[in-house]
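The sequence and the structure are shown first.

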Amino acid sequence: MKLWHRTNIDISDCYLPGLDMDAYLTSKETMDKHNTMFVEGAGGIWNIPAEEIFNTKFIQEMRQLVGSPIATVNCFMRWPNYQHASAHHDCYEYDGEVIKHGGALNWCWEPDNAEMVWYKLPEGAVPFTEKRRNIEMNVSVDIDDTLEVLDKHVVGQTPTLVNTAEFHSVDMNDRKRICLSLRFTWVVTWDDHMNTFRNVLVN
């Protein structure tokens, strides 16, 4: 089962001039406004408006490609060799209903050597829910040898469509990892993502 697809989306000139992503994310202003979780030495999660990271040209190009705006940029930071104990899939609560979010367009700020890993749960496994901020939540399960590995991939600095509806985590290595994860209004299921990005998929 393939749960990722590289794209040919050009990000060579996508950022605001002078952006230092690590310094931006850990600044007091950004932490106060956009951080949803942070543990020194482990990692953090931010929900960032696209216009605070990307230039207008890139934002407009993405809207033209997708047909809807970038709803948010989820930024995930992990320290070298830190290993999170659980895998999760992404979901949101909307009007009392939990909606599974099927995909995202991901790439890393700097060269990356960590594998994104997708898992299948054994029959009878009972996940637990982690609520973060607003409507956002993760449905998680502890990683152990009862989980079946479905797929693995190093995302790196190539914009890559990744499935977020299957349980997933990241196997960290010796580099700090800052991953940008773009979410789009009204692009929800994995099939939505595959259809929306079909013209830019490479493999």
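The model described here is predicted. In it, the side chains of D144 and T146 are joined by a polar contact of 2.5 Å. D144 sits in the loop between β10 (136-142) and β11 (148-153). With a relative accessibility of 39%, D144 counts as partly exposed, because that class covers values between the 20% limit for buried and the 50% limit for exposed. D144 and A87 are 57 residues apart along the chain, and their C-alpha atoms are separated by 9.8 Å.

Most residues other than glycine have a negative phi. N81 is not a glycine, yet it has a positive phi of about 65°. N81 is located in the loop between β4 and β5 (86-94). W186 is not a glycine either, and its phi is positive at about 70°. The loop that holds W186 runs between β14 and α4 (190-196).

| Residue | Relative accessible area | Class |
|---|---|---|
| T30 | 3% | buried |
| W46 | 0% | buried |
| D144 | 39% | partly exposed |
| N81 | 55% | exposed |
| W186 | 74% | exposed |

Next come the two buried residues in the table. T30 belongs to helix α2 (residues 28-34). Its relative accessible area of 3% is under 20%, so T30 is buried. The side chain of T30 makes a polar contact of 3.0 Å with the side chain of S27. Leaving aside neighbours within four places in sequence, T30 is also in contact with Y24, L25, N35, W46 and I48.

One of these partners, W46, is part of strand β3. W46 is buried, with a relative accessible area of 0%. Which residues does W46 touch, not counting those up to four places away in sequence? They are L25, T30, M31, H34, N35, F38, V73, N74, C75 and M77. For L25 there is a further detail: its backbone oxygen lies 3.0 Å from a polar atom of the W46 side chain. W46 and T26 are 20 residues apart in sequence, and the distance between their C-alpha atoms is 9.9 Å.

In soluble globular proteins, nonpolar side chains tend to be buried together. How many residues does the largest nonpolar core have? It has 32 residues, and those with the most contacts inside it are I53, F54, V73, L180 and L182. Two or more residues of this core come from each of α1 (21-26), β3 (43-48), α3 (56-66), β4 (70-78), β7 (103-108) and β14 (177-184). Apart from neighbours within four places in sequence, V73 is in contact with W46, N47, I48, A50, I53, F54, L180, S181 and L182. A second, separate core has nine residues, including Y119, L121, V139 and V141.

The last topic is empty space. Rolling a probe the size of a water molecule over the atoms shows where such space is left. The structure holds one cavity of 30 Å³ or more. The largest cavity has a volume of about 30 Å³. Which residues line the largest cavity? Its lining consists of W109, E110, K176, R177 and I178. By class, two of the lining residues are nonpolar, none is polar and three are charged.

Definitions and conventions:
Residues numbered from 1 in each chain as written. Predicted model: local features only at pLDDT ≥ 70, side-chain atom pairs only at ≥ 80, totals over all residues. Heavy atoms only, no water. 1 Å grid on protein atoms, 1.4 Å probe; cavity = no way out; pocket = protein on both sides within 12 Å on 5 of 7 lines; lining within 4 Å. Points joined across faces, edges and corners; volume = space filled by probe spheres on them. Nonpolar A, V, L, I, M, F, W, Y, C, P; charged D, E, K, R; others polar. Core = buried A, V, L, I, M, F, W, Y, C linked by side-chain atoms within 4.5 Å. Buried < 20%, exposed > 50% of the residue type's maximum accessible area, 1.4 Å probe, protein only. Helix = DSSP H or I, 4+ residues; strand = E, 2+ residues; numbered from the N terminus. Contact = heavy atoms within 4.5 Å. Polar contact = N/O pair within 3.5 Å; in protein donor to acceptor, adjacent residues only side chain to side chain.
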